[in-house]
Amino acid sequence: MYEAHFGLQEPPFALTPNTRYFMRAPSHSDALELLLVALRAREGFIKITGEVGTGKTLLCRLLLNALTTEGAVTAYIPNPRLSPESLYQAVADELGVDVTAQGNPHRVLKSITDCLLEKARAGQAVVLVIDEAQAMPEETIEALRLLTNLETETARLLQVVLFGQPELDVLLKRDSLRQLKQRITFQYTLIPLDRGATAQYVRHRLAQAGYNGQELFAPCAVKLLSRASGGIPRLLNVIAHKAMLVAWGMGDLHIEKAHVKRAVRDTDSAMSIGWLGRWL
C-alpha cells in the first residue's frame, strides 16, 4: 500500500502480534524477566494483567519461545472459556496425551498426571500458559487449581502462567477462589507507554519494517499519538497506520500533526477520550 512511498519493506504498524517487533519498554521487559526468573525457580502460579491492547499476547508468545529454547515443555490455551472437562482435554492435547478412549475426567486427569511425572523424571519443566484468563468460568478455575496440586516431594509437576485483563483481578477476589489466589506467588501489571517510550516505539517499529531515513513522524505528531492512544500499543498502531495512510493519500513524505488529527477523528476508541477535544 504505502510501503514504497515511505521506503518500507512491510507495514510497520500491523495489529498481528509479531515477536520481531517487540520493544523492551521498561514495563514489558520487566514482566518478561519476572516470568523467566520465576519459572526457572519452579514457582507455581504467576499472573500478568494489563488493559486491552497493552501487549499481553505478544508477551505470551515471547515467553513460549523462550521456554521452548530453554527445553521446557509448554501447553498454551488461548481461549479458556471452557468447562473443566474441556480444560483437561485441552491440556492433554497440548501435552500430546491421547485421551480419546477415556470417558471421564478422572481418567483424563490421571493420564495427565502420568505424563507430568514422566516429564519430571526426565528433568523437564512443564508450563501451562493461559491467555485471556479473565474469561475462565469459576468452576474451570477450580479445576485448574486441582491440576496444580500435582507435585512430588521436591517439585511441582506443573507451573501456570495466567495472562488476563484487569477483570481477572476482580474475578480472583471472589471468596470461593481464595485458595487459588493464595497460590499466585508472582504478579505484574503492564502499564501503557509514556511519551518517551511512544517515540521510541514508533522509531523501533519503523526500523523493523525497513525504514532508515530521517525521523518520519514529527515530534508534534508523536506527542498527539501518545495522548490519543493513551500509550496503549494496539491503539497506537491503529492511529499511526491511519496517519500514514492520510499522508500517503496526500503525497506527503513525513507524518505531521495534521495527519494524526485526521487519523484520531476516524478512530472511535481514541475519540472516546473526553479531554482529547482541545488537541484536535
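Entry one, cysteines. I looked up cysteine 115 and found it buried, with a relative accessible area of 10%; buried means under 20%, exposed over 50%, and partly exposed in between, with a 1.4 Å probe and protein chains only. Cysteine 220 is partly exposed, at 35% relative accessibility. I then noted where these values come from: the model is predicted, local features need pLDDT of at least 70, side-chain atom pairs count only at pLDDT 80 or more, and totals for chains, interfaces and linings use all residues. Residues are numbered from 1 along each chain as its sequence is written, and side-chain values use heavy atoms, with hydrogens and water left out.

Entry two, disulfides. A disulfide is a covalent bond between the sulfur atoms of two cysteines. I counted a pair of cysteine sulfur atoms within 2.5 Å as one, and the count was zero. Cysteine 115 is in no disulfide, and the nearest cysteine sulfur, that of cysteine 60, is 20 Å away.

Tyrosine 2 is buried at 1% relative accessibility, and phenylalanine 6 is buried at 5%. Phenylalanine 13 and phenylalanine 217 also pair edge-to-face, at 6.1 Å centre to centre and 75° between the planes. This pair links distant parts of the chain, 204 residues apart: phenylalanine 13 is in the loop between helix H1 (3-6) and helix H2 (26-40), and phenylalanine 217 is in the loop between helix H9 (195-208) and helix H10 (219-229). I found both phenylalanine 13 and phenylalanine 217 buried.

I listed 13 helices and five strands; helices (H or I, at least four residues) and strands (E, at least two) are DSSP runs, numbered from the N terminus. The C-alpha atoms fill a box of roughly 65 × 35 × 35 Å along the principal axes. Of the 280 residues in the chain, 48% are buried. I also looked at contacts (heavy atoms within 4.5 Å): among those between residues at least 6 apart in sequence, 74% join residues at least 24 apart.

Terms used
Phe/Tyr/Trp six-rings, centres within 6.5 Å; stacked < 30°, edge-to-face > 60°.
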